Amino acid sequence: MAKNKKEMETHINPYESMLARFYAAADILNLGQRERDILSQPSKIVWVNLPVEMDNGTTRVFPAYRVIHSTVLGPSKGGIRYDMAVDLDEVKALAAWMTWKCAVVNLPYGGAKGGIQCNPKEMSVGELERLTRKYTRAMVDVFGVDLDIPAPDVNTSGREMAWIVSEYSQLHGGKFYPGVVTGKPIELGGSKGRVEATGRGVMVNTLAALKKIGKKPQDCTAAVQGFGNVGSIAAKLLSQQGIKVVAISDVSGAYYNPKGFLISDAIKYRDNNGRDGLKGFDGGEKISNEQLLALDVDILVPAALENVITAKNANDIKAKLIVEGANGPVAAEADPIIDSKGIMAIPDILANAGGVTVSYLEWVQNRRGHYYTEEEINGRHDAIINSAFEEVFTTSQLYKVSMRTAAYIVGVGRVAKGLQMLGKY
Ligand code: NAD
């Protein structure tokens, strides 16, 4: 039901948005038909229906997916999403974005994504654990330290990753396999800085972009949509840089305060509010998520779900800089409008790459059995993101294209080159 509701609201298929950008880059790169055919579709799709016993004794069947888009540059990497709006096209798009993202920041990974169509807010912890273990059993031949490495995404966190390590390890004779997932709790081999990494990447990209457009952080205001892992941490780190965060939001609506929010208070409120998130938060005027997008701010950070900026509302955007914390928040149809308004949009495959960057560092630490300090992690992360930003910026100047097209040129170009080197497999 939720899937149909989402389709009615947007009519936009995220996979088609991904393809539009892929083909634009493929044309500029002059890619051959073989590269286009291989890279425009996933290399593997696993679709299972998982029967799970609910607390009331009934059994419910949950559709669940894992899509491997590419393993050209290494084992596939990508999160697992629990949401009623999960469907195959969404997971396919998210998997492809992971391929381009890992390539943009030059990590030795391919791309994948997983999703289970469920409403975790209406499920008990026991039901979620049984569902996660069932999913792991179904994917036992898909996941692997050198094969396919999941991580958290919307509505999943270190808790689900710990269940996956537990189930996967038991299915392999009890040998401990922390490197089979990233985003784990630190006690189980997780990395310092991983929880903050995606928000940190958003902040590092924002500062790099502000420098290019000649603005000082302390002169800027920002609106952040979504107050989960990415949105709340991005908001916190942006305000620590002197940027005034005047609007925040979640599924309960948006909250506006022209004086700026003390983000730590909003995080405290959310954490004490259980599954209700920001609902009832009185730190600012209540506005809608749609109004948040049109606020007169310098920086807009969409960090919730895809397709929130479309051809219908792109004209209303007043921000001069969009930093895409979420995956696919801007539909491809809105690209020309954003470009014509002179807005710099830092695309998802660069803006939110901080998460997979520290996931990579977590995986490296698991393989080596040696763990870095938070300072070392943040230093490596910032260096990787800044260097990717510069490469994309230089590419955008060279080809006279937007940052989005430039990021696709870098990412798709790197994968296509690897594909050619692998020969005719
Ligand atoms: P999360 O589950 O922690 O938070 C999602 C947030 O979005 C919640 O605050 C929720 O209330 C809000 N939300 C949901 N529907 C909304 C709506 N219609 N309007 C406004 N807000 C809404 O998820 P997350 O991990 O923060 O992921 C957010 C986005 O960032 C997703 O697109 C995800 O793919 C992307 N992302 C996440 C990571 C990561 O490391 N977690 C990495 C890269 C990209």
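Buried means under 20% relative accessible area, exposed means over 50%, and partly exposed is anything in between. The legends below describe close-up views of a predicted model.

**View 1. A salt bridge joins the side chains of Lys-215 and Asp-298, with 2.9 Å from N to O.**
Lys-215 lies in the loop between α7 and β6 (221-225), while Asp-298 lies in the loop between α10 (289-293) and β10 (299-302), so the pair ties together parts that are 83 residues apart in sequence. Lys-215 has a relative accessible area of 33% and is therefore partly exposed, whereas Asp-298, with a relative accessible area of 17%, is buried. Elsewhere, salt bridges with shared partners connect Arg-81, Glu-90, Lys-113, Asp-153 and Glu-306 in one network. A search of the whole structure returns 22 salt bridges.

**View 2. Asp-382 and Arg-200 form a salt bridge in which the closest N and O atoms are 2.7 Å apart.**
Because Asp-382 belongs to helix α14 and Arg-200 to helix α7 (residues 194-212), the pair ties together parts that are 182 residues apart in sequence. Asp-382 counts as buried, its relative accessibility being 17%, and Arg-200 is likewise buried, with a relative accessible area of 17%.

**View 3. Within helix α5, Glu-129 and Arg-133 lie four residues apart, which is about one turn of the helix.**
An α-helix has 3.6 residues a turn, so residues three or four places apart point the same way. Side chains of opposite charge can pair when their charged atoms come close. Here Glu-129 forms a salt bridge with Arg-133, and the closest N and O atoms are 2.9 Å apart. Glu-129 counts as partly exposed at 26% relative accessibility, whereas Arg-133 counts as buried at 18%.

**View 4. Helix α6 (residues 158-170) is largely enclosed by the rest of the structure, because 10 of its 13 residues are buried.**
From its first C-alpha to its last, this helix of 13 residues reaches 18 Å, close to the 18 Å expected at 1.5 Å a residue. The buried residues of α6 are Gly-158, Glu-160, Met-161, Ala-162, Trp-163, Ile-164, Val-165, Glu-167, Tyr-168 and Ser-169. These buried residues pack against β3 (76-82), α5 (125-138) and β5 (148-152).

**View 5. Aromatic rings pair at 12 places in the structure.**
In a separate grouping, ring pairs link Tyr-255, Phe-261, Tyr-269 and Phe-281 into a cluster.

**View 6. A nonpolar patch on the surface is formed by Ile-28, Leu-398 and Tyr-399.**
Together, the three residues of this patch have about 290 Å² of accessible area.

Definitions and conventions. Residues are numbered from 1 along each chain as its sequence is written. This is a predicted model: local features need pLDDT of at least 70, side-chain atom pairs count only at pLDDT 80 or more; totals for chains, interfaces and linings use all residues. Side-chain values use heavy atoms; hydrogens and water are left out. Patches are made of residues with over 30% relative accessible area and no salt bridge: like charges are joined within 9 Å, nonpolar side chains (Val, Leu, Ile, Met, Phe, Trp, Tyr) within 5 Å. Accessible areas come from the Shrake-Rupley method with a 1.4 Å probe; for residues, only the protein chains shown count as cover. A salt bridge is a side-chain nitrogen of Lys or Arg within 4 Å of a carboxyl oxygen of Asp or Glu. Helices (H or I, at least four residues) and strands (E, at least two) are DSSP runs, numbered from the N terminus. The expected span of a helix is 1.5 Å times one less than its number of residues. Buried means under 20% relative accessible area, exposed over 50%, partly exposed in between (1.4 Å probe, protein chains only). Contact means heavy atoms within 4.5 Å. Rings of Phe, Tyr and Trp (its six-membered ring) pair if their centres lie within 6.5 Å; planes under 30 degrees apart count as stacked, over 60 as edge-to-face and the rest as tilted.
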